[in-house]
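Hello,

I am passing this structure on to you, as promised. Have a look at it first, and then read my notes below.

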Amino acid sequence: MINAASHIAWFAPVILLTVWTLGLLVAEAFVSLTPRQVAWLAFIGLAWTGLLTLCFDTTTTLFWSNLCKWDGAAKFFNLFFVATAMLVIWMGDEVQEPVSHGGGEFVILPLFTTIGLMLLAMANDFMLLFVALELVTISFYILVAYQRRSLPALEAGIKYLILGGLSSAFLVMGIAYIYGLAGTTRFDALSRELTFYMPLGISFGLLMVLIGIGFKIAMVPFHIWAPDVYEGAPNSITAFLSVGSKAGGLIILMRVALSVFGHPDATVIWVPVLTVAAILSLLLGNLAAIPQRNLKRLLGYSSIGHTGFILVAVIGAVPILASAPHPGEPGFYSADLITGQIAVSVYLVSYLLATFTAFIVLAVLNRRLPGLEVHHLAGLSQRSPLLSAAFALSLISLAGVPPLSGFIAKLMVVLVAWNRGLYSLLFFTIFAAVAALYYYLGPIKAMYWSEPLDDTPIRVNLPTTIVLSILIFLLIFTGFWAQSMTGLVNSSNLAQAATVHATTAVAFKQ
C-alpha cells in the first residue's frame, strides 16, 4: 500500500486519468482512430487508474492546503466511479446503437465526468466541490443531448441544461452565504468554527447548497428533470446519470452531513428537512412509477424512489449530540452512525449492479423491438431467455426481494432507521418497498405470462452474454452472502473495521 508523502502524490489517480484523457482527445483528433479503438484505450486508462487507486492506503489525510481529503470513503468512491465509467464505455461501444457522428468524443466525455466525480469524492472545500461538480454537469449536458438529430434527446438536453444551471446558481449562492458569514468554505474548518453557535445565515446558505445537491441526486422536489432526461438520453448515459451522478451527489451530502450538519443547531433544522425530502422521494418516486408504461421513465421514477431510501441511511449517519459537548469528544459517534455510512455504500453497490443490468438489456432491446414500452416485452422469455432473466432479476433486486443484493441494501436501510429510532421514516420505507413491488412485477408479467408479438429469436453476442452473466452472478451472490457486500465496503476502511463487523454481525443474526 502506498502512503503518499507528498501532497501531489494523493492526486496520482486523478492526474493519471486526466493526462490519459487529454492524450486520447488529442490522438483522436489527429490520428484516424475508430470509436472502438478509442473505447479500448479509454478502458485501459480506467483500468490503470483503478489499479493505482487500489495501491493507496486509507489513512485519513488532508492535503493541498486542506482543500482535499483522502480517506476510506474517497478510495471507495473513486473505485466505484472508475467501475461505473468502465461499464458505461463498454456499454456505449458494445451494446447500444452507435452514434451517427463523433463517436470518439462520446467515449472520451465520460472520462472527464469520471475525473470530476473522483475530485468530488476527495473534496473538503465547497469551492473544489463546485468546480468538480461543474466538470461533471457540463459533461452530462453534452452527453445527454449528444444524439442531436433525436427530438427526445434535444428536449432532455434542454431541460437538463436549464434546471442544472438553476441548481448551480443555488449552490453558488449558498457557498457565498457560508463564506461571507463563516470566513471559510472548508468542511473541517466550518465544523470547528460552528461548534457552539450556527448563525441563521449559514443555515440559509446550507439550505441552498442542499437544493443544488438535491438536483444531482433527483431528490423531491428537485426531481422533475429525471424522467424526461432518462427517456431522451442514450441508454449508457442514462445508466451513468442514474448511478454516477447520484453517487457523486451523495458523497457530497455525506461529507457535509458528517461535518457541518453534525452541529447540534444544524441537526435540529436539517434532520427534519432531510426527513421530509426522504418521505416525499419515497412516496412520489414509487407511486408515480406505477402508471408508467415506458420502461426508461419507469426506471426514472424508480430512481427518485431509491434516492428516498438512500436519504434514510444518510439521515441515520448524521451525528446527533448525546452527552459530549462538541464533536471532538468521545461519545459523539456511535455504531449506528457508522452503520448509516455503510448502508449508503452498500446500497449504491447494489444499485449499480441492478441498474446496469437493466439498462444493458434495454440497450439490446432498443435495437430489436419497436419500442421500450411494457407491452413490447410480451413473450420476451421465449425470444431470449438470457435477456428476460437478466431484466427480471434486476427488477427483483431493485424491488428488494430476497435473495438478491437489493434485499440486503434495503434491509440495512431498515435497520438504520430502526436503530436510530426513525420510526416515521421506517413506516414510509416499508410502504414504498411494498408499492415498488407492483410496478416492478408488471414488466416481469409481460415477459413471462404474455404471448410474444414476434416469434423471432433475439440473439445476444458473446461479450454481452459474458457481462450479463457476471452481473447476474453478482446480484445473486451478494444476496446469498451478505457479508460480501459489507466486506467490500470495509476493505476501504470506510469506518472502523471492528465496529462495523460487530454491528453487521448483530444485524444479520437478528
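**What I found**

Thr185 sits in the loop between helix 6 (151-182) and helix 7 (187-193); helices (H or I, at least four residues) and strands (E, at least two) are DSSP runs, numbered from the N terminus. Before going on, please note that this is a predicted model, in which local features need pLDDT of at least 70 and side-chain atom pairs count only at pLDDT 80 or more, while totals for chains, interfaces and linings use all residues. Residues are numbered from 1 along each chain as its sequence is written, and side-chain values use heavy atoms, with hydrogens and water left out.

Is Thr185 buried or exposed? Thr185 counts as buried because its relative accessibility is 8% (buried means under 20% relative accessible area, exposed over 50%, partly exposed in between, with a 1.4 Å probe and protein chains only). Its side chain makes a polar contact with the side chain of Asp125 (2.8 Å). Such a contact is a pair of N or O atoms within 3.5 Å; within protein, one must be able to donate a hydrogen and the other to accept it, and residues adjacent in sequence count only if both atoms are side-chain atoms. Leaving aside neighbours within four places in sequence, Thr185 is in contact (heavy atoms within 4.5 Å) with residues including Asn124, Phe126 and Tyr179.

Tyr160 lies in helix 6 and, at 1% relative accessibility, counts as buried. Setting aside neighbours within four places in sequence, its contacts include Phe215, Trp225 and Leu241. Tyr160 and Phe215 are 55 residues apart in sequence and 9.9 Å apart in space, C-alpha to C-alpha.

Tyr160 is also among the residues with the most contacts inside the largest nonpolar core, which has 164 residues. A core of this kind is a set of buried Ala, Val, Leu, Ile, Met, Phe, Trp, Tyr and Cys residues joined through side-chain atoms within 4.5 Å. Helix 13 (residues 335-366) gives the largest share of this core, 20 residues. Leu377 is another of the residues with the most contacts there; not counting residues up to four places away in sequence, Leu377 touches Leu295, Leu365 and Phe391, among others.

As for the whole protein chain, there are 20 helices and 2 strands, and 60% of its 510 residues count as buried. Among contacts between residues at least 6 apart in sequence, 80% join residues at least 24 apart.

Enjoy exploring!
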